[in-house]
Amino acid sequence: MMEVELLLVPYDTGLRGWRMGAGPDHLVGAGLVSRLNALGYAVASSVVTPERDGVPAEIATAFELMRLLAQRVRAARAAGRFPLVLSGNCNTAPGTLAGLTPLSRAVFWFDAHADCNTPETTTSGFLDGTALATAMGRCWRQMTSAIPGFQPVQDRAILLLGTRDLDPLEAELLSTSAVRVLSPASLRGPRLDDELASLRSDVDLGYVHCDLDVLDPGEGQANPFPVPGGLAVTEVERVVRAIGRVVPLKAAAVTAYAPEYDGDGRVARAAFRIIEALLAAAGGA
C-alpha cells in the first residue's frame, strides 16, 4: 500500500483561505481523502501554517511556508511517504524541492504561465510569478538561504508543460536558459518523448507541479488567470503517465485552485483525476 503525506498550504498572497488559498480545504472537503483511501492509498493529512504571529506580510509569510514545507517533505520522505502538496500559490515549490535534496531533481511544471519573472522583470508585482525563477536560484537568494536543504534546480532539468502566456522580459530570461518550454501543441507530438529521454540519465528523481490553469478554460476555470488554448484533463493524465515511465516521481503539487471560479465543480473533478494520475505514476502503475 502506497502511503501519501497530504500537505495543505491554504494561502494566497500571504492570506489564509483567500481566493486560491481556499482551494486545498475545498478539495479535501469534496472528498479527496476518502476517494484516495478507496483506491488503496493510506493518506495522512496536515496543514502547514506559519509559526510567526503578527500582521501577515506576503514575502515573509511565503518564505516561512517554504521553510516549513521543506521540513515536512523531508520528514515524509524519511518515513516512506509520498509528499503531495495542495497549495494556493505556486511559490511553495522551492520548499518542496528543498525537501528532496541532495538528490538531483527534474521539475515538470504544468502551468499556463511560466512563473519565471524576477523582482527586476515583473510588471504585476505578484510574488507567485517568481516561483520557478526562485527555485532556479535566479532571485530571492537571501530568502532561500533560510530554507533548509535549498539548492537551485538546474535549468536543463526543467520542463515547462502547457505554457502559453509569457511576459516579454520573462520570455527573454527563459531564452537565455536551458529550460525547455513545451506548448500544448508540442505536447501533442513526439517532442515530449525526446525531452524525457534526454533527462533519463541526468536526474535522480522528479517533481511534478500542476497549476490547474494549465487546463483549457473549456475544461473549467481554475482561478482568475485563465488562458485559452490549454490542455484537456486527458492530456495532462497522458503526460503524467509518460513522465512516470521515465523518471521516478517522488513529490508532486497541485496548486492555484480558486473554488469561487468553479461553480459547476468541473475543475475539482479534474484535480482529482490529475492527483490519481500522479499517484499512479509515482507508484509505477
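Visitor: How do the residues that line the second largest cavity divide into nonpolar, polar and charged?
Guide: The lining consists of Leu 212, Asp 213, Leu 215, Pro 217, Gly 220, Gln 221, Ala 222, Asn 223 and Pro 226. The model is predicted, so local features need pLDDT of at least 70 and side-chain atom pairs count only at pLDDT 80 or more, while totals for chains, interfaces and linings use all residues. Residues are numbered from 1 along each chain as its sequence is written, and side-chain values use heavy atoms, with hydrogens and water left out. With Ala, Val, Leu, Ile, Met, Phe, Trp, Tyr, Cys and Pro taken as nonpolar, Asp, Glu, Lys and Arg as charged, and the others, Gly among them, as polar, the lining divides into 5 nonpolar, 3 polar and 1 charged.

Visitor: How many cavities of 30 Å³ or more does the search of the whole structure find?
Guide: A cavity is a set of points on a 1 Å grid over the protein atoms alone where a 1.4 Å probe fits but cannot get out, whereas a pocket is an open set with protein on both sides within 12 Å along at least five of seven lines; lining residues have an atom within 4 Å of a point. The number of cavities found is 3.

Visitor: Which element gives the most residues to the lining of the largest cavity?
Guide: The lining includes Asp 12, Thr 61, Ala 62, Leu 65 and Asn 91. Two or more residues come from each of β2 (11–12) and α3 (58–78), where helices (H or I, at least four residues) and strands (E, at least two) are DSSP runs numbered from the N terminus. The element that gives the most, with 3 residues, is α3.

Visitor: How many charged residues line the largest pocket?
Guide: About 350 Å³ of space lies in this pocket. Of the 21 residues that line the largest pocket, the closest to its centre are His 113, Asp 115, Ser 124, Phe 126 and Gly 129. By class, the lining has 6 nonpolar and 7 polar residues, and the number of charged ones is 8.

Visitor: How far apart in the chain are Phe 63 and Trp 140?
Guide: The search finds 2 aromatic pairs, which are rings of Phe, Tyr and Trp (its six-membered ring) with centres within 6.5 Å, called stacked if the planes are under 30 degrees apart, edge-to-face if over 60 and tilted otherwise. Phe 63 and Trp 140 form a tilted pair, at 5.9 Å centre to centre and 55 degrees between the planes. Phe 63 belongs to helix α3 and Trp 140 to the loop between α5 (131–135) and α6 (141–144), so that the pair links distant parts of the chain, and their separation is 77 residues.

Visitor: Is Phe 63 buried or exposed?
Guide: Buried means under 20% relative accessible area, exposed over 50% and partly exposed in between, with a 1.4 Å probe and protein chains only. Trp 140, at 23% relative accessibility, counts as partly exposed. Phe 63 has a relative accessible area of 5%, and therefore counts as buried.

Visitor: Why does the pair of Phe 126 and Phe 225 count as tilted, and at what angle are the planes?
Guide: Phe 126 is partly exposed at 22% relative accessibility, and Phe 225 is partly exposed at 29%. The ring centres of Phe 126 and Phe 225 lie 5.8 Å apart, and the pair counts as tilted because the planes are at 35 degrees.

Visitor: How many residues separate Glu 276 from Arg 35?
Guide: The structure holds 12 salt bridges, each being a side-chain nitrogen of Lys or Arg within 4 Å of a carboxyl oxygen of Asp or Glu. Glu 276 and Arg 35 form one of them, with the closest N and O atoms 2.3 Å apart. Glu 276 is in helix α11 and Arg 35 in helix α2 (residues 32–38), and the separation is 241 residues.

Visitor: How far apart are the closest N and O atoms of Arg 180 and Glu 195?
Guide: Arg 191 forms a salt bridge with Glu 195 at 3.0 Å between the closest N and O atoms. Arg 180 counts as buried at 16% relative accessibility, and Glu 195 is also buried, at 12%. Arg 180 too forms a salt bridge with Glu 195, and there the distance is 2.5 Å.

How values were computed: Points joined across faces, edges and corners; volume = space filled by probe spheres on them.
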